[in-house]
Amino acid sequence: MDAPLISVEDLRKDYRMGGHVVHALAGVSVDIAEGEFTAVMGPSGSGKSTFMNVIGCLDRPTAGRYVLAGQDVGRLGVDQLAALRNKRIGFVFQSFHLLPRATALANVEMPMIYGGVKRSLRHEKAMRALGRVGLSERCHHRPNQLSGGQQQRVAIARALVNDPSLILADEPTGALDSRTSLEIMALFQELNRAGMTVVMVTHEPDVAQFARRVLRFRDGKLIEDRAQAPADPAAMLAAHDGELRAA
Amino acid sequence: MSYIEAVRSALDALRANVLRSLLTMLGIIIGVASVVAMVAVGTGARERVMEQIRSLGSNLIIIVSGSVTSGGVRMGSGSRQTLSQDDAVALEREIGAVQLAIPVVRGTAQIVAAGLNWSTTVHGTSDTFLEARDWTLSGGRNFTPEEMSGAAKVALIGETVAINLFPEGGAVGQEIRIKNVPFTVIGQLARKGQNMAGQDQDDTILIPLMTAKRRVLGTSQANARAVGSMLVKIRDGEDMKEAEEQIRGLLRQRHRLQANQDDDFWMRNLTEVAATRDASSRTLAFLLAAVATVSLLVGGIGIMNIMLVSVTERTREIGLRLAVGARPRDILAQFLVEATTLATIGGAVGVVIGAVGAHAAAAVAGWATLIQPESVALAVGFSFAVGVFFGFYPAQRASRLDPIEALRTE
């Protein structure tokens, strides 16, 4: 593989809190290649969220370089960052962040409105994305008519719909029960096997075990970067159901 | 995001909170409704005044014989007939601006015809009276010059008189008796309606001046050629004020008035009276427009208030939209469209209510209202502008939210 999808060099982010300066990121350098499934770990205040915000082009670093798919993000203006988020990045949030009054289909279509995709094509692509997460039949349901797992699937379909280079998931299972969490992780692994780059922020080792690479942050610094053999959620699901039957 | 799409999503957002949207619109609805109703009623009222001016005949000055002071007692206008037929002849001859100067004598008389009788005002005047008043005949003919000079016993009757004396119609050619003098009806006047004072202009009979003096109303013993008043028509395009001054000068000279003496006649420019009424109704319209503007402003502030609430409530949504690629200007547009949609719908509803109100007012007052397309467009356009103006600040606040902070909001 040639140039990495994400290339970060000496990334720094300072916050001014009261009188003193907090170094949320204190010089982080890392490359993430296309097709990787990376978990970003660390306790709260470790800088992992700030890292994700910068990677997601939601926040600008105080210093350092960030190149996403060959593009130097530091030089981009507000509108160009918005376009980059729209085309390159799909966000998945802990609390789903679906529009409550819109149907699943309308929620998935929403990012394409800002990408200038034509109406007819939008519908088609949204249906395809919902198909990928297994929710074709529920496309006309509103979020409050869907279970938590289904809502998160809609959110994942929304993240996928613009064919991004990267899915950024922030604690994607934080609001889900353990069984649904396994299903969602199986879905991420499936998307990853199909070639999607996934970066997932979590503080739970149980969730991080499904990634193939783990980055661990502490005090704004990257303290660990290791590859691992991912756990298989399908097997664990079977085991989980077996336990339930036994009990 | 296309405009239509933005409007559709704005409507969705407004539907989500129908009662609130409705209450917010109320200010605009009331403002626009009052503007539309006021303009409609105002235009209708003005149209009525203009009609009255037209029915009066244009460019008319009426001159009435003035007061006489006798031993310190001022007798009031018309107490002596200071004007004469000769004054009228002189005005026509010597002042270029005067097109017609018509002597008029008037009095009240009981009219009898075929068993019915009616009391009305009899005008003795000339054959040019109709021309001066822009009055037409609905049947028959005007006086001939021979009838004028020969003091013929012929009469033109107004519609009200005709209806009261000849309920079956066919007044022309019939005989009537005015103060027991037999007259032949040679024409019937077309309907003119009320004048500005509310008097029925059709309740009248016109007879030749000479006939009136000799046979019906009598003459002044001092001056057989005296008349009570004169109707002067000024030529089109002449300055009314200037003509008035010339007439005043000539009459004063003819009446041999010294510089320290008051006029012994009294002049009134009828068009001017109507125009004054028109101006006062316009002032009223301006006042009402000002009230309406204030209520539109209040409505606009209501919109601003609710949009600020909406931005706060939907902070998470804004954060999400920013995260998935909305530019700040897209967010700005979304909230601006929402505010203007709110205001414009309010405006449209206001137009409908205003139109209904105006028609109701018109039905009560008995005049025509005119809903002008311009005023409707203006009202809707103005409410749109109110939406833009008062929606901008909340929309700008929404567009300046930090996506990270916004996403984190509970």
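Which residue is the bridge partner of A:Asp170 in β8(A)?

1. The partner is A:Val201. Strand β7 (residues 166-170) and strand β8 (residues 197-201) of chain A pair in the parallel sense over five bridges; two strands count as paired if DSSP finds at least two bridges between them. Strands (E, at least two residues) and helices (H or I, at least four) are DSSP runs, numbered from the N terminus.

2. On provenance: this is a predicted model, in which local features need pLDDT of at least 70 and side-chain atom pairs count only at pLDDT 80 or more, while totals for chains, interfaces and linings use all residues. Residues are numbered from 1 along each chain as its sequence is written, chains are lettered from A and ligands numbered from 1 in the order in which they are written, and side-chain values use heavy atoms, with hydrogens and water left out.

3. Chain A holds an open sheet of six strands with mixed pairing, in the order β6-β7-β8-β3-β9-β10. Its edge strands are β6 (89-92) and β10, each pairing on one side only. The twist averages 20° from one strand to the next.

4. β3 (residues 37-41) of chain A runs parallel to β9 (residues 213-218) of chain A, with four bridges joining them. A:Thr38 stands opposite A:Arg213 in β9(A), and A:Arg213 in turn stands opposite A:Ala227 in β10(A). β9(A) and β10 (residues 221-227) of chain A are antiparallel and joined by six bridges. These two strands form a hairpin with two residues between them, and A:Asp219 in the turn has a positive phi of about 50°.

5. The axes of helix α6 (residues 178-193) and helix α8 (residues 233-246) of chain A come within 9 Å and cross at roughly 160°; axes are lines fitted to C-alpha atoms, for helices over the stretch in contact, and angles run from 0 to 180 degrees between N-to-C directions. The two helices are therefore roughly antiparallel (angles over 145 degrees). The contact (heavy atoms within 4.5 Å) involves residues including A:Leu182 and A:Met185 of α6(A) and A:Met236 and A:Leu237 of α8(A).

6. The contact between chains takes 21 residues from chain A and 25 residues from chain B. The area buried between them is about 2,100 Å², of which carbon and sulfur atoms give 60%; buried area is the accessible area (1.4 Å probe) that two parts lose on being put together, summed over both. A:His97, A:Arg101 and A:Tyr114 supply 32% of the area that chain A buries against chain B, more than any other three residues.

Conventions. Angles under 35 degrees count as roughly parallel, over 145 as roughly antiparallel, 65 to 115 as roughly perpendicular and the rest as oblique.
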